[in-house]
Amino acid sequence: MSGTRFPRRSSRDPDVGAAPRRASSPGRRLGAFLWVSRFIPPGLKGALRRLPGVAALADRVYAHRGFVTAPIPGLGVLLEIDARNPRERALIMGHHEPYVVRWLRETVKPGWRCVDVGGHIGFYAVQLGHLVGEMGQVVAFEPEPVLASRLERNAALNGLRWVAVERLALGDSPGRATLWVERTPSGPGGTNSLVRRNFPGSAIEVETMRLDDWIAERGWERLDLVKIDVEGLEPQVLQGAGRTLKRFRPLVIAEFNDEPARRAAETILREHRYRIRELGRMPSCIHVVAEPRG
């Protein structure tokens, strides 16, 4: 038999005749975690991941994998994430903006119509789709092509036929604009913006539209919730939604990363007779809820 010949090992070699090497303690724990996790129901698995020790172990496990599908804790919906990206791992660990998740769960009703402006991979869109049910509707606006495709897959993964994706950016004028895309080792990041940012990335051209025009073109007769997370362009989105705010009086929940954008957006909302309150804070952002006065 031809082929490579390997040298015979001498009994003097240090590991000849020795007991087989066992995996390190961390390695055994990771392997055991993966094996046991296959038998845990999704709801219980989500609850366990909220425990500090389990969360840390799960984070280490997922960090060594590529794309994985896991439940969003406490809600019974699934999300495909790129586990190499720590921001995406946080989405399934139960500690990503928990006060926003809780507020949506307590507020959104079956049959509602919602728009998710800045949909990313669908963390909120699939939750909204689960909450509104098949008698409702959710439209997520995500202009970055790779993220939009992943959002569509996450909606399909959960059988949410009433969740649609629009591959465009909302703002205060129709046309074309430059989207600055954050690039991470695993693909587009989550801080893409029409406002130029100082991060490693690239620029692509995307379609822009006013929410007022989009609503009018589709003949919507109601809108119950507007969720906005567009990395600094929140005032422009609201400027392009003036008729919508006046006619439908939807609830608005928005994330802000800088104070000037927050002040400008809150001024617009007050002009439309909205009452504003802070919902919660994370290290890099703040969330506010705006409720119509009447």
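**Close-up views of a predicted protein chain**

**Figure 1. The whole chain, counted by its parts.** The secondary structure of this protein chain amounts to 11 helices and 13 strands, where helices (H or I, at least four residues) and strands (E, at least two) are DSSP runs numbered from the N terminus. The model is predicted, so local features need pLDDT of at least 70 and side-chain atom pairs count only at pLDDT 80 or more, while totals for chains, interfaces and linings use all residues. Residues are numbered from 1 along each chain as its sequence is written, and side-chain values use heavy atoms, with hydrogens and water left out. Of the 294 residues, 49% count as buried; buried means under 20% relative accessible area, exposed over 50%, and partly exposed in between (1.4 Å probe, protein chains only). The accessible surface comes to about 15,300 Å², and 53% of this surface belongs to carbon and sulfur atoms, as computed by the Shrake-Rupley method with a 1.4 Å probe, for which only the protein chains shown count as cover for residues.

**Figure 2. The largest nonpolar core.** A nonpolar core is a set of buried Ala, Val, Leu, Ile, Met, Phe, Trp, Tyr and Cys residues joined through side-chain atoms within 4.5 Å. The largest one here has 41 residues, of which Leu79, Trp103, Leu104, Val108, Cys114 and Leu225 touch the most other members. Among the elements that each supply at least two residues of this core are strand 1 (67-71), helix 5 (98-107), helix 7 (145-157) and strand 11 (251-256), while the largest share, seven residues, comes from helix 6. Apart from this core lies another, of 33 residues, including Phe141, Val237, Ala265 and Leu269. In soluble globular proteins, nonpolar side chains tend to be buried together.

**Figure 3. Tryptophan 103 and its partners.** Leaving aside neighbours within four places in sequence, tryptophan 103 is in contact (heavy atoms within 4.5 Å) with Leu225, Leu251, Ile253, Arg277, Leu279 and Val289.

**Figure 4. Lysine 227 and aspartate 116.** Lysine 227 lies in strand 10 (residues 225-228), and it counts as buried because its relative accessibility is 8%. Its side chain makes a polar contact with the side chain of aspartate 116 at 2.7 Å; such a contact is a pair of N or O atoms within 3.5 Å, and within protein one must be able to donate a hydrogen and the other to accept it, with residues adjacent in sequence counting only if both atoms are side-chain atoms. Beyond its neighbours within four places in sequence, the contacts of lysine 227 include Val115, Gly118, Tyr124 and Ile253.

**Figure 5. Glutamine 127 in helix 6.** Glutamine 127 is found in helix 6 and counts as buried, because its relative accessibility is 1%. Apart from its neighbours within four places in sequence, glutamine 127 is in contact with Ile72, Leu75, Val77 and Val101.

**Figure 6. Two loop residues with positive phi.** Most residues other than glycine have a negative phi, and most peptide bonds are trans. Histidine 120, in the loop between strand 3 (113-117) and helix 6, has a positive phi near 55°, and at 21% relative accessibility histidine 120 counts as partly exposed. Arginine 249, in the loop between helix 10 (242-248) and strand 11, also has a positive phi near 55°, but at 19% relative accessibility arginine 249 counts as buried.
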